[in-house]
Amino acid sequence: MHGVSSYVEPPEEDSTKFISLAKDALNRWKQQDFSSEAFSVVNRVLELNPDEYTLWNYHKRFVVDKIERVRQEDPSSFQEVIEQLFESEFNLTQRALYRHPKAYSAWQHRIFLLKVAKSSLPPTIYDNFFKRELEICAKLLDLDDRNFHGWAHRMRVGEIKGIQITREELDFVTDRIYANFSNYSAWHHRSRILPVLFGDQPEEYNRVIQEDLELVKQAIFTEPEDQSAWFYFGWLLRGAPSSHAPVSILDVDNEMLKKELSTLEELLVLEPKCKYALLMKFHLLYQFGELGNAEALLTQLQILDPLRNGYYQHLKEKMRQKS
Amino acid sequence: MDVFSPFPWDLHQQYLLRVQNDTKSWEYFLTAHKRISGAYWALTSLDLLNSLEKTDESAIVSWILACQHESGGFGGNVDQDPNLLSTLSAVQCLALFHRLETIDKEKIVSYVANLQLSDGSFMGDEWGEVDSRFTYAAILCLSILGRLDAIRVTDAVRFVLSCLNFDGGFGCIPGAESHSGQVFCCVGVLYLTDSLHRIDQELTGWWLAERQLKNGGLNGRPDKKADVCYSWWVLSSLAMLNKLDWIDSSKLIEFILSCQDLENGGIADYPGDRADVFHTFFGLAGLSLLGCPQLKRIHPAYALPLEVINF
C-alpha cells in the first residue's frame, strides 16, 4: 500500500461488516431507493471509502433529478431547497476528504456539483460556491505548495466558472515562486499563463521574458541543484513555445543567448559541479557550433551524473553525427 | 553476478494466488469497486511469471462477463457502474485468456466510441469527467479489439497534444502539471497512433530520465519520493520512446528488488512498506522491461505480455 509501512499492523477489525454495508448501499442504488435510510447507508460507505465511485453516481443522479423536480413542483422555494441540497452534498465530500484527502472521486464530485450549478442554477446561488472553492484551493496550497489536487482542482474550477486568465493569476504564481524557488508546480503554471496572457502582444511578452530571465537567475543562484527553475530556463531559451502557440514567438537571438551563457559561467565559478548549469551550457555551446567544448561538458556530466550516462552519450552521438 | 537477485519468483506467484482470496481484509473492502483492475494486475503478473494456468480461468471469465452492462461497458465489480478504465481492464483480462473472440466486441466498441467528445477527448463514464488517462484507455481498448477506426483518432491525438507542457511532460487536462502517470498515458496514445513524431522526444525523454533518484528508484514528479509504480510508468514511456538506456537500469533493478517482501512474496511501493497487488504488478512489469530472465517480456504500450498481442 502507498506509504503503509510493513511494520504497522493493519486494522484488527474484520472488514466483513463494511463489505456487507457496501453491498447494501450498492443494492439500494440498483433499486433506485432514495429514501433517507438508503441515504444514510450510502453516505456511511462513502465516508469510509470515498473511492466507491458508483455511490457518488447515486448522489449525482439524485442531485440532477431533484433540481428538475423542485423546479417543476415547488418553484417558490427553489432557491432555498437547492442551496440546502448543495450544502449537504459539499459537506459529504468534505467529510470524505477529511479522512482521505487524495480521494479522486470525492474531488470529482465537487467538480460535478459546480458544473451542474453553473448550468442549471442562477449566479445568485452558485457565485458563492465558486468563491469558496477557490479559497479551499488556496488554503490547501498554503499547507503544501505542490499539492496536486490543490492545483488541478483550482484549474478545473476556473475553467467551469469561465474565469479568464488575468494578471492576478500571474501574480498568484509569482508570489508562490518567490516564496519557494523549488516550487515546480508554480513554474509550470507560469509557463501555462504567459502564452495566454501575452500571446498576441509580442513586445510585452519579450519584456516579461527578460524579467523572467532575471527571476530564473535568482532562483538558480539560490537553489542550483533544484530542477524547477532549470526546466523553466530551458523553456525560455527555446523561445517559450506552448502547445497553444507552438511556434516560438520570442526573439531568441545570439545576443540574448550569449548573455545567458555568461550567467551560467558566473554560476559555474561558484558551483563548478552544478550538473544543470553544465547541461544548459552544453545546449548553448552546441547551438553556437562550439562542438569541441560542448563535448567536453558531456564527458564531465557523465562522471558527475552517472545515472543518466546514456542520455549524455546520446547527446554526444547526436553531436558527432552533426559534425 | 546475476543482477536480478534475489528474486523469489515462486513466492511472488504464491502471493498473487493467495491475495485475491483474502476477502476479509480491509484492503479487500477498499478495493472492491475496482476489483476488475485488481484482477488485471494479478493475472498479468501471473502470466509474466508463466503461471496463468494456475488460475481458475472459467470462473474468472464468467465473473468478468457478469461485470458487463447493457451499454457494453464494464463496471469495476459485479455491482458497480460501467466506466472506461474498468472496461479496459476487462478487455485486457479477456485478451490474456485469449477469450476476445467469444464476446460481443461491437458492443464494447460502441460503448467506448460514445464516450468521445467533440474536442476529441474522452469522458471516463456517462457523468462527464475528462482526463488524458481516458484517452489512453479508449485508444488501447480499441487497439486490442482492432477497431481504432470506430473513433476520431486525429481529434483524440490533438487533445493529447494539447496536454503537452513546457517541460515535455503531459498533464491530465490541458494546462495541468506533468505527471509520470499521465506521461505514460499520453506517450502511449501517441505510440499506438504512430504520432510520436509530433513531440520533441528528446525533451520528454530528458524529463523522464530526471525522474531517477540516487536510490535508483523513479518518481512521479520533480522533488517527490521514488515509488515502484513509476518503475512501470516512467520506464515504459522511455521504452516507447526507445530511450530505455537513458537511465541506470541496474540501479533501478536494485531499487525494485529492495521493495520485495522476501518472506511472503509481493512487492511494495517503497522499501519496508507493505506489499500489494498494484505495486507487485508494476514492479514485475518494470523488471520484465529490464530483461529479467524469469519473466515473459511485456509490451510497454499494451501493458500485456508480448505473446498475447498478435502483430
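Cys185(B) is buried, since 26 other C-beta atoms lie within 10 Å of its own, where a residue counts as buried with 20 or more such C-beta atoms, as exposed with 12 or fewer, and as partly exposed in between, the C-beta atoms being placed from the backbone. This is a predicted model, in which local features need pLDDT of at least 70 and side-chain atom pairs count only at pLDDT 80 or more, while totals for chains, interfaces and linings use all residues. Residues are numbered from 1 along each chain as its sequence is written, and chains are lettered from A and ligands numbered from 1 in the order in which they are written. For the complex, the predictor gives an ipTM of 0.95 and a pTM of 0.95.

**Surroundings of Cys185(B)**

- Cys185(B) is placed in helix H9 (residues 180-192) of chain B, helices (H or I, at least four residues) and strands (E, at least two) being DSSP runs numbered from the N terminus.
- Leaving aside residues up to four places away in sequence, Cys185(B) touches Ser132(B), Arg133(B), Thr135(B) and Tyr136(B), where contact requires that the C-beta atoms of two residues, placed from the backbone, lie within 7 Å.
- Phe166(B) is 19 residues from Cys185(B) along the chain, and their C-alpha atoms are separated by 17 Å.

**Confidence**

- Chain B has a mean pLDDT of 96, with 99% of its residues at 70 or more, pLDDT being the predictor's confidence in each residue, from 0 to 100.
- For chain A the mean pLDDT is 90, and 92% of its residues reach 70 or more.
- Over residues 6-10 of chain A the pLDDT stays under 50, and the model has six contacts beyond four places in sequence for this stretch.
- Where pLDDT is low, the predicted coordinates should not be read in detail.

**Overall form of chain A**

- Chain A contains 15 helices and zero strands, and buried residues make up 32% of its 323 residues.
- The radius of gyration of chain A is 27 Å, whereas a compact globule of 323 residues would have one near 20 Å; the radius is taken over C-alpha atoms, and the globule rule is 2.2 Å times the number of residues to the power 0.38.
- Along the principal axes, the C-alpha atoms of chain A fill a box of roughly 75 × 55 × 35 Å.
- Of the contacts in chain A between residues at least 6 apart in sequence, 52% join residues at least 24 apart.

**Domains of chain A**

- The domain assignment divides chain A into domain 1 (16-71 + 81-260) and domain 2 (261-323), with bounds that come from an automatic or database domain assignment.
- The centres of domain 1 and domain 2 of chain A, taken over C-alpha atoms, are separated by 37 Å.
- In chain A, 13 residues of domain 1 are in contact with 12 residues of domain 2.
- On the side of domain 1 of chain A that touches domain 2, the elements giving two or more residues are helix H10 (202-222), H11 and helix H12 (254-270) of chain A.
- That side of domain 1 of chain A has six nonpolar, two polar and five charged residues, with Ala, Val, Leu, Ile, Met, Phe, Trp, Tyr, Cys and Pro counted as nonpolar, Asp, Glu, Lys and Arg as charged, and the others, Gly among them, as polar.

**Contact between the chains**

- The contact takes 46 residues from chain A and 41 residues from chain B.
- Several helices of chain A each supply at least two residues of the side that touches chain B, among them helix H3 (53-73), helix H5 (104-120) and helix H15 (309-322).
- H1(A) gives the most to this side of chain A, with six residues.
- The residues on the side of chain A that touches chain B divide into 19 nonpolar, 20 polar and seven charged.

**Local backbone features**

- Helix H3 (residues 35-48) of chain B has 14 residues and reaches 20 Å from its first C-alpha to its last, close to the 20 Å expected at 1.5 Å a residue, the expected span being 1.5 Å times one less than the number of residues.
- H3(B) is mostly covered, with 14 of its 14 residues buried, and just after H3(B), Asn50(B) takes a positive phi of about 60°.
- The peptide bond from Ser5(B) to Pro6(B) is cis, with omega near 0°, and Pro6(B) is placed in the segment before helix H1 (9-19) of chain B.
- Gln32(A), although not a glycine, has a positive phi of about 55°; Gln32(A) is exposed, with 11 other C-beta atoms within 10 Å.
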